[in-house]
Amino acid sequence: MSALGTIEDLPKEYVDDLVAQNTLPLWPSLRAMLPHGIPSRKTQATVWHYSDLRPNLMRAGELTPIEKAERRVLVLCNPGLGLDNMKATPTIYIGMQLILPGEVAPNHKHTPSAVRVVVEGSGGFTVVGGEKLPMEKGDLILTPPGLWHEHGHEGTGPVVWMDALDLPLVYGMEASFSTESPSQTIDKPSEYGITRLGLGGVVPYDSLDAPRVPYPMLRFPWKTVRANLRGLAGVTPKGKPVQLAYVNPETGRECLPTLGFSAIQLRPGEELTLPRRSASAVLHVVEGFGSAQIDGAGLKFGESDTMAVPTHARVTLANGSSTNSTYLFVVDDAPLQRKMGIYQVFSEDIK
Ligand SMILES: [Fe+2]
């Protein structure tokens, strides 16, 4: 295979003329844009330790009133992608959001898809589409694209949650914008979605005949997911992932258009090599501690830490405890890649 021509191979006056006409030759950049075998990746395997981040987040609570922030968030920026770009991976934005007792984050909706995973505190809530959703540690709350949502805090002490959005993707499409509105009227009973649809394989009969709503369940309590993981762990051979996907219970498919969510249990003393996947991902530690090898980078993680996983990466996770399980929440862009027809799981790394 011969090397492709470079820009230096071309006469300067020719290149100048191309540039003046807002054009460029493809071949000097072709290999960079379309490398052989594996994509070129700038995303670095990175860990953000919550113990480092938390003091600065609390300080933000002192420095900036919520009215001056709207959303009081510190963004986890992957150093390989440029801090200004606010990307944890090429498609995934991750922020740590602080809300203090009595504060409200006003009602809005936007084109990016968003979810929250509660990191600490209790008494926080989110209202989405007229349903008031309590927020307890580890809960997943969906705020799908185009649905009104607002946050509040009726408890004591700080509440922190992790925001995950497809903002880099939608912003890159020049399609990212929000709309504000006065506070919503709560018009659904407490625990509406989880009560109707959270039973696992059983749905209200009328939902078979009713027109489908795209996002029928908006809150996935960690208590339920954790119990289901423990059940799955009992029937999963050692070395195979104990991993549950969060899905739309009416379709059995991903619950948001672009981002996917799952939870992994590492059993006591377990080391787990995940199948290598084409999707990029973010891992967030709900409970426990351990270490990760991500494309050869060794990272230590503790509770509430967050890690970035590049596309096509090799990932091995090890539970640091020989007596307790460790639990991780996963965000990936597999739903987007599936829709694009480019999602792959590489069998050579499946153990
Ligand atoms: Fe929002």
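Trainee: How much space lies in the largest pocket?
Mentor: This is a predicted model, in which local features need pLDDT of at least 70, side-chain atom pairs count only at pLDDT 80 or more, and totals for chains, interfaces and linings use all residues. Residues are numbered from 1 along each chain as its sequence is written, and side-chain values use heavy atoms, without hydrogens and water. A pocket is an open set of points on a 1 Å grid over the protein atoms alone, where a 1.4 Å probe fits, with protein on both sides within 12 Å along at least five of seven lines. The space in the largest pocket is about 480 Å³.

Trainee: Which residues lie nearest the centre of the largest pocket?
Mentor: Its lining (residues with an atom within 4 Å of a point) has 29 residues. Of these, 19 are nonpolar, four polar and six charged. Nearest the centre lie Q243, S262, R277, D332 and Y343.

Trainee: Which element gives the most to the lining of the largest pocket?
Mentor: Elements are DSSP runs, with helices (H or I) of at least four residues and strands (E) of at least two. Those giving two or more residues to the lining include β13 (242–245), β22 (326–332) and α8 (334–340). With four residues, the most comes from β14.

Definitions and conventions: Grid points are joined across faces, edges and corners, and a volume is the space filled by probe spheres set on the points. Ala, Val, Leu, Ile, Met, Phe, Trp, Tyr, Cys and Pro count as nonpolar, Asp, Glu, Lys and Arg as charged, and the others, Gly among them, as polar.
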